[in-house]
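User: Could you walk me through this model before I plan my afternoon around it? I would like to start with one of the helices.

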Amino acid sequence: MSLWLLGTSGAVPDPRRDYVSLVVEDAGCLILIEAGGSPFHRLGRMGLDPMRLEGVFLSHRHPDHLSGLPVLLMGLWLQRRARPLWIAGPEDTLERARALLELFEWRSWNGMFPVNWRPIPLEPGAVVETTGGIRLITAPVSHSVPTLAIRIELLEGVAVYSADTEPCPELIRLARGADVLIHEATGSYPGHTPPERAGWVANPCCEFYTPRACCWRRINATAVRRTRQASPRKVLAR
Ligand SMILES: [Zn+2]
């Protein structure tokens, strides 16, 4: 089992990084977390075959987290995928994703594979069903729209992805005991977290963490230093 970061950018475009997304590999299957940017291309660059995707988890309905979904599904369709794909997330996020696909008349795509929609309740401990040995547990976090963070439990360890959020007790509880916390570090804005506060969240929770997604290069240059000052845990990447 493995976990990759395909992109780490916040909503403000960054020429060096795609929008945030992660992929988890388990027993030959891939689970994509977030579908902003160009996930099909990013998977290919990582040497991962997008046709192995089992499902997609979307944390919330903002465009930088789901706008790549139509081209992802179109790419799979053009490569003649036949088996179903599940898409999970908050109910309003799935509604937005369906509306986006309707714009491209996806129901008329000849031979389109089935999509199973899996709404996840906005309550701590809700589970995303998967077919493999991986366990996905969610918790609502504090953002401007309904948003779910996700805990990824693998045989080799546990990773937690914050999605977009202010520091909040639900996330601290979800991340407790994790090996890695992938936390947003967009800055001091409502519904977001500055780097030093991400370190504050990580301290009681986990051994390592990586601050994801600072929006501007100027902030990126200082993000790792600020997080290291705030947290004695090892910062893996920016
Ligand atoms: Zn957002």
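**A covered helix, then the rest**

Analyst: In helix H6, the buried residues are Pro-195, Arg-197, Ala-198, Gly-199, Val-201 and Ala-202. A residue is called buried if 20 or more other C-beta atoms lie within 10 Å of its own, exposed if 12 or fewer, and partly exposed in between, with C-beta atoms placed from the backbone. H6 covers residues 195–202 and is mostly covered, with 6 of its 8 residues buried. Helices (H or I, at least four residues) and strands (E, at least two) are DSSP runs, numbered from the N terminus.

User: And what kind of model is it, with what numbering?

Analyst: It is a predicted model, in which local features need pLDDT of at least 70 and side-chain atom pairs count only at pLDDT 80 or more, while totals for chains, interfaces and linings use all residues. Residues are numbered from 1 along each chain as its sequence is written.

User: What does the pLDDT average for the protein?

Analyst: The average is 85, and 84% of the residues score at least 70, where pLDDT is the predictor's confidence in each residue, from 0 to 100. Over residues 213–221 the pLDDT is below 50, although this stretch has 22 contacts in the model beyond near neighbours in sequence; two residues are in contact if their C-beta atoms, placed from the backbone, lie within 7 Å. Where pLDDT is low, the predicted coordinates should not be read in detail.

User: OK, how many helices and strands are there?

Analyst: The protein has 7 helices and 13 strands, and buried residues make up 46% of its 238 residues.

User: In what order do the strands of the open sheet run?

Analyst: The order is S1-S2-S3-S4-S5-S6, with 6 strands and mixed pairing; two strands pair if DSSP finds at least two bridges between them. Strand S1 (2–7) and strand S6 (115–119) are the edge strands, each pairing on one side only. Within the protein, strand S3 (residues 29–33) and strand S4 (residues 53–57) pair in the parallel sense over 4 bridges, and Ile-31 stands opposite Gly-55 in S4.

User: Which strands of the sheet does H4 touch?

Analyst: H4 packs on the sheet by touching S5 and S6, and its direction makes about 130 degrees with that of S5. Axes here are lines fitted to C-alpha atoms, for helices over the stretch in contact, and angles run from 0 to 180 degrees between N-to-C directions.

User: Which residues of H4 are buried, and what covers them?

Analyst: The buried residues of H4 are Thr-93, Arg-96 and Ala-97. Seen down the helix axis, these buried residues of H4 fall within an arc of 100 degrees, so they line one face of the helix; the arc is that of the directions from the helix axis to the C-beta atoms. Their cover includes helix H2 (63–66), helix H3 (69–78) and strand S5 (85–89), whereas the face of H4 turned away from its buried side carries the exposed residues Ala-99 and Glu-102.

User: What comes after H4?

Analyst: H4 is followed by Glu-105, whose phi is positive, near 50 degrees, and this residue is found in the loop between H4 and S6. Glu-105 counts as exposed because it has 8 C-beta neighbours inside 10 Å.

User: And where does Arg-80 lie?

Analyst: Arg-80 lies in the loop between H3 and S5, and has a positive phi of about 65 degrees although it is not a glycine. With 9 C-beta neighbours inside 10 Å, Arg-80 counts as exposed.
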